[in-house]
Amino acid sequence: MDAAIAPAIAMNLPWAAGIGNHDQEGTLSREGVMRHLVGMKNTLSRFNPEGVEIDGFGNYNLEVGGVEGTLLANKSVLNMYFLDSGDYSTVPSIPGYGWIKASQEAWFRKTSSSLQKNYTNEEPRQKEPAPALAYFHIPLPEFSSFTASNFTGVKQEGISSPSINSGFFTTMVEAGDVKAAFIGHDHLNDFCGKLTGIQLCYAGGFGYHAYGKAGWSRRARVVSVQLEKTETGEWQGVKSIKTWKRLDDQHLTSIDSEVLWNRGSNGRGSKDHDRS
């Protein structure tokens, strides 16, 4: 873990992390892994929300403030939710992987509602809620909704989601602020597809310590968020959210650039052909 995070620390970058389904297979428990992460330098990771009984470890949200010196300096113009999707089912009659539990969904709903009210009701009032991104490890069953005709990227292995649907996708749709959700787990999938207004994206296989595919470069998904600027040069809220993947090949190639969300477009995604 120290080696994985070392580049971010060396560059003095703030960073955040959550846990996957294999993290308890070393010498630390899942709780121990998360406690180690929140104690590292420059981390924005949190262990869990204070005073809330919640399943898992590493459930937290981050608020990205507006530009200093502007009217939105004290508002969160972008929200990020991190959730622990568990490891394996703890219910004997249900086989397979873990899932996001009711206690986590309740925390997400309450947090999302509170952030949206603050953004639209408190001065300076905003017309619509700030966009949000969600990060967790195990894909939701809804990731199986796509075919090659309606996603960007590749699907080279099955979707290893839980064998039951705990309803978190519906919860995100109802909340209304999450524009994209990012997951890992299936190392050979790297696609993004849009379902009911939410972009569901794989991060793409990244590390060399786990399985990959010969001749298929390891990769990392990059997400770039752009702010609106008024004609008078004043920075405002988020205008668009873009993504691409960076390959660990000879040229560190960027591929599959696309717009995940544009303000005022009802979240319509489109290919971005001029990201330069």
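Biologist: Which residue in S5 stands opposite Leu 133?

Modeller: In this predicted model, Leu 133 stands opposite Ala 180 of S5; strands (E, at least two residues) and helices (H or I, at least four) are DSSP runs, numbered from the N terminus. Residues are numbered from 1 along each chain as its sequence is written. Because the model is predicted, local features need pLDDT of at least 70 and side-chain atom pairs count only at pLDDT 80 or more, while totals for chains, interfaces and linings use all residues, and side-chain values rest on heavy atoms, with hydrogens and water left out.

Biologist: How many bridges join strand S3 to S5, and in what order do the strands of the sheet lie?

Modeller: Two strands are said to pair if DSSP finds at least two bridges between them. Here strand S3 (residues 132-135) and S5 run parallel and are joined by four bridges. They belong to an open sheet of seven strands with mixed pairing, in the order S1-S2-S3-S5-S7-S6-S4. S1 and strand S4 (151-152) are the edge strands, each pairing on one side only.

Biologist: Which strands does helix H3 touch, and which strands does helix H4 lie across?

Modeller: Such angles are read between N-to-C directions, from 0 to 180 degrees, with axes fitted as lines to C-alpha atoms, for helices over the stretch in contact, where contact means heavy atoms within 4.5 Å. Helix H3 (residues 102-121) packs on the sheet, touching S1, S2 and S5, and its direction makes about 175° with that of S2. Helix H4 (residues 168-175) lies across S3, S5, strand S6 (192-195) and strand S7 (198-202), and runs at about 135° to S7.

Biologist: How should I read the nonpolar core, and which residues have the most contacts inside the largest one?

Modeller: In soluble globular proteins, nonpolar side chains tend to be buried together. A nonpolar core is a set of buried Ala, Val, Leu, Ile, Met, Phe, Trp, Tyr and Cys residues joined through side-chain atoms within 4.5 Å, and buried means under 20% relative accessible area, exposed over 50% and partly exposed in between (1.4 Å probe, protein chains only). The largest core in this structure has 28 residues, and those with the most contacts inside it are Trp 15, Leu 37, Leu 133 and Leu 260. Among the elements that give it two or more residues are helix H1 (2-10), helix H2 (30-38) and strand S2 (76-82), and S2 gives the most, with four. A second, separate core of 26 residues includes Phe 108, Ala 134, Phe 136 and Phe 191.

Biologist: Turning to charged residues, how many salt bridges does the structure hold?

Modeller: Side chains of opposite charge can pair when their charged atoms come close. The criterion for a salt bridge is a side-chain nitrogen of Lys or Arg within 4 Å of a carboxyl oxygen of Asp or Glu, and the structure holds seven. In one of them, Glu 128 pairs with Arg 263, with the closest N and O atoms 3.0 Å apart. These partners are 135 residues apart, Glu 128 in the loop between H3 and S3, and Arg 263 in the loop between S10 and strand S11 (270-271).

Biologist: Why does Lys 245 count as buried, and which salt bridge does Lys 245 form with a closest N and O distance of 2.7 Å?

Modeller: Lys 245 counts as buried because its relative accessibility is 1%. Its salt bridge with Asp 256 has the closest N and O atoms 2.7 Å apart, linking strand S9 to strand S10 across eleven residues. Asp 256, at a relative accessible area of 29%, is partly exposed. Salt bridges that share partners join Asp 190, Arg 219, Lys 245 and Asp 256 into one network.
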